[in-house]
Amino acid sequence: MLFNSLQFLIFFPVVTLIYFLLPHRFRWLHLLIASCVFYMAFIPIYILILFFTIIIDYIAGIMIEKESGHRRKMFLVASILANVGVLAFFKYFNFFTENVNAFLALLHITTHKVPLLKIILPIGLSFHTFQAMSYTIEVYRGHQKAERHFGIYALYVMFYPQLVAGPIERPQNLLHQFKEEHKFSSQNLLDGLRLMLWGFFKKLVIADRLALYVSIVYNAPNDYHYLNLVIATLFFTVQIYCDFSGYSDIAIGAAKTMGFDLMINFNRPYFSKNIQEFWKKWHISLSTWFRDYLYISLGGNRVGVRRAYFNVAAVFLVSGFWHGANWTFIIWGALHTVFIMTYMLIQQFTKIRLPNTWIVNILSGIFTFCLVAFAWIFFRANNVSDAFLIVKHIFTCYHQVPFRVTVTDLVNQSEFGRFSILVSVSMSAFMLISERRLTVTLSNLNSKPVRDIVYCTCILTIIILLGVFHNNSFIYFQF
Amino acid sequence: MKPIIRISIVAILAVILSQLAYMPINKVVLKYNCHSYKRLTEIYEDTTAYDLIFIGSSRTHRSIYPKIIDSICGLNSYNAGTEAGTIEDFKLTLKGYLVHHPAPKVVVLTIDLPTFSRHNEIHNYPQYYPFLNNPVVNTTLSDDGYNIGMVKAMPFVTLTDLDDYSRENTLRLAMGKGGTDIPDGDFEYKGFLSNTTEYIVKPQLEKDMKRMVLYSECMASLNEMIDICKQHNIKVIFTYAPEYDFNLQKTRTNTDSVFNFIYSTVHKNNIPYLRDDSLDLCKDPRLFANNGHLNKPGAIVYSAVLAEELNNILVQKSDSLR
C-alpha cells in the first residue's frame, strides 16, 4: 500500500483508532494484522518470504542466547546466510546471471547461457532484511535479549510504517516499545500528523512534480541540450531527498500518532559542509547500520591506516550494491568512496583546516552539494552508458542545437511547463528554508494553536491544490 | 484546545479553502476546455437527433469534417471522436449518447491498431465529471473504480486530477493571456476539431516498435457495441482512418491479429469495413500533421472521400467489404 494512496487515507485513521480502542494485550496482534494487510497490498504471496526469514531469525535469536561458544556463532551465521540468501536470490541473482552471460559472450561461449529468473523483487526487501539482521547481531553481541514472543518479534520486522522503506530500526529502540502501553497523547497525535503532512507536502508537491522533468530527460539523455541535463540532475537531487525524507517523515509521523518513536533518518543533509558530514545526515538509519555492523565488524579505524581506508571503501561499495543490482549503483557507491577517502586523506595528511566563517561554510556547502549531485547522475541514470553520456555532455557543454531539445523547447512542449518550474522552484526553496527550523517550529506549535492551525491548513491546501496525484511509488521502495 | 478540535478545524478550513478555490478554477477550466466541454455536453446531455455519428479516437475527431459529410450524403452527422480514446471510451460514447438522443441511423466506428490494447481504462476521465448526471457516465466511471461519490460530495477533489499543463493554461486564461483548447487558426464544427495546417516535412518513423495487444475484455466491448446497435436498429460501419504511407503499421507488431479480429467480426456481423489506409491521399505528406493524423486540408479531402464511400454503402445498400 502506498502512503500516497486513497487506501492509506482510510487505512491509517482506522488502524490508529482501533489501536487506541483495544486493550494493550491485543494491540500487538492488531498492528501485526494491519502490517500484513499493508504489505499484502503489493504482492500478497510475498508475505511468505517475510515469514520465512522471521521464523528463522526468531529461532536463531533464542538459540544464540541459549547456546554458548562456537554454536552461538553458528546460529548467527545461519541467520545471516538465510537473510542474505533471500536478498541475493531475489535481488542479485539476475544481476549476476546477466554479468556471467555477458562474460561468457565475451569468450564467445554462447551455448551455455544461464537463464534469468522471471521474478519481481519483493518490495522493501533490503530494508526489512537489514532490520532483521540487526536483531540477531545485537542478540549475539549481548546488547539485546532474545524476544520470546513470536508475535512481537514478527511485528518488529513488519511494523507497517517502516516496513518497506525504513527507517531501519534497531531492536534496542523498537522492540521494547511494543510491550509498553501507549496511552493516547494529544501531543503525539498532533506531532505525528504534522510530520506526516510535511512528508506528504515534500512527496506530492515537490518530488512527484520534479520527477516529471527528470524522467523526460533521463529517459532519453542523448536528445537533450546539456543545460537540460544539468537542470534534471539538480532536480533529481531535490527529488530524491523530498521523496525519501518525505517517506521517512510520513513513517515516523504515523508511528508517532500511536506513541512509537522511530529514529530520524535525515537531518538537512544538503546543508552539510563536507562529504563526511553529509553521510552523517543522509539516510542515517542505513549509514549507522553499516557503521555498527559492517565497519566496526571489519575493525573500524582501530586497525592500521590502510585497513581503515579499506574498511571505508568496503562500506560504501556495499552500500552502493545494497541500493540496487546494477552497475550504476556500484559506481555511485564507488564515487562516494573516492569522495570520502579523499576528504579523509586531506584531513589526515595536511594541516588544512577551513576557517569557520559564513562565506567558507557556504562555499564548502555548495561544493559538497555539487559532489553529491554529480554522484546522483549514476544513481538515477537508466544504465552506465547513459550515465557516462550525461557526464560527458554536461562537462563538454554539448548542445548541437537544433538537434537537441533545449530548455525552452522542453518547457514549451512537455507536460512540465513554466507553471511546473515556478511551483517546483518556489516550493523547493520554501521546503529547504523551512526545514532549517522545522523541528523547533513543530514542537512549538503545540502551545500555539492558532499558528498551528494556520500552518497546517496552508500546507494541506497547498497539497490539495498543487499536489501531483499520480500514485507515484516512492523511489526507495525498489530497494 | 483539544487535538480533535484542532484537527477538525484544519480539515474543515482546508476543505472550505479548497472548495472556494475550486469554484473559480473549475469555471476557467471549463472555459479553457470549451470545445471538449461543448462536445461532451452534446453527446451526454443534449437531445438533438443525428442521422449519423462518428465514434473513434483523435483519428476520427481530427479527420472527419461533418459539414462535408452532411453536404455530400444529405445527412445530419456528428463527430463524437475522443482524443486518445480507447474501446472503453467508444462504448461510453455510444451508450451515453443513447441516453438522451434518439438512436442514429448509422454509427461509423473508426478502429485503430491500439484500440484493443488498453482495457478498463477511460482516457482523461476528469473530462467526464461534469456529466455524472448521465447514468451511463456515472455507472461506467464507478465500475472502473473512480470515486464518484467523493467527487459529488466534495467537488474540489477534482482539482487533484489536474495536471500542471491544465493548471498553467487555466492560470494564463484567468490572467487574460491564454487561449482555449481550440488553437489559433483552427476551428470546430459539430464535434470536429481541425488539426493545424502544419504538414510532414521530413517523413520519419517512430523510434520504438510497439506491440499491439488484443485484450479479451476489449474484444467483448466491441461485440457489446455491435449488439447495442442491433438492438437499436443502427447500421454499423467500421473504418480504418488514413495514415501516412502505412507509417503507423510499420512501427507496430502483431497488427495481423488486430486486423484478423476485425475481419472476423465484420464477416460475422455483415458490417462494411472501409480500410482507408490505402487511399491515394495517404501518399501525400502535405495532408498529414503527423503519421497518424490528417491536418486541416487533409481532413477536408478525406471527408469528401469518406462521404462518397458512405454514400455507396448507404444509398446502394451494398455492404461491400473492401
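**A helix, its sheet and its partner chain**

Modeller: Happy to! The buried residues of H2(B) pack against E2, helix H5 (87-100) and helix H6 (135-143) of chain B. Helices here are DSSP runs of H or I with at least four residues, strands are runs of E with at least two, and both are numbered from the N terminus. Packing rests on contacts, meaning that the C-beta atoms of two residues, placed from the backbone, lie within 7 Å. Helix H2 covers residues 34-44 of chain B, and its buried residues are B:Ser36, B:Arg39, B:Leu40, B:Glu42, B:Ile43 and B:Tyr44. As for the cut-offs, a residue is buried with 20 or more other C-beta atoms within 10 Å of its own, exposed with 12 or fewer, and partly exposed in between, again with C-beta atoms placed from the backbone.

Please keep in mind that this is a predicted model, in which local features need pLDDT of at least 70, side-chain atom pairs count only at pLDDT 80 or more, and totals for chains, interfaces and linings use all residues. Residues are numbered from 1 along each chain as its sequence is written, while chains are lettered from A and ligands numbered from 1 in the order in which they are written.

Strand E2 (77-79), against which the buried residues of H2(B) pack, is an edge strand, as is strand E9 (273-275) of chain B, and each pairs on one side only. The sheet itself is open, with five parallel-paired strands in the order E2-E1-E3-E7-E9 of chain B; pairing requires that DSSP finds at least two bridges between two strands. On average, neighbouring strands are turned by 20° against each other, direction ignored, where axes are lines fitted to C-alpha atoms (for helices over the stretch in contact) and angles run from 0 to 180 degrees between N-to-C directions.

Strand E7 (residues 235-240) is worth a stop. On one side, five bridges join E7(B) to strand E3 (residues 106-110) of chain B, and the two run parallel. In that pair, B:Val108 stands opposite B:Ile237.

B:Phe246 lies in the loop between E7 and helix H10 (247-250) of chain B, and its phi is near 60°, a positive value in a residue other than glycine. Most residues other than glycine have a negative phi. B:Phe246 is partly exposed, with 14 other C-beta atoms within 10 Å. B:Thr196 also has a positive phi, of about 60°, although it is not a glycine. This threonine sits in the loop between strand E5 (192-193) and strand E6 (210-211) of chain B, and B:Thr196 is partly exposed, with 14 other C-beta atoms within 10 Å.

Now to the partner chain. Chain A has 19 helices and zero strands. Its radius of gyration, taken over C-alpha atoms, is 23 Å, close to the 23 Å that the globule rule (2.2 Å times the number of residues to the power 0.38) gives for 479 residues, so chain A is as compact as a globular protein of that length. Of those 479 residues, 41% count as buried.

Where do the chains meet? 22 residues of chain A are in contact with 22 residues of chain B. Helix H8 (186-218), helix H17 (418-436) and helix H19 (449-466) of chain A are the elements that give two or more residues to the chain A side, and H19(A) gives the most, with nine residues. By class, that side has 13 nonpolar, six polar and three charged residues; Ala, Val, Leu, Ile, Met, Phe, Trp, Tyr, Cys and Pro count as nonpolar, Asp, Glu, Lys and Arg as charged, and the others, Gly among them, as polar.

Finally, chain A is divided into domain 1 (6-181), domain 2 (186-266 + 383-479) and domain 3 (274-380), with bounds from an automatic or database domain assignment. The centres of domains 1 and 2 of chain A, taken over C-alpha atoms, are 28 Å apart.
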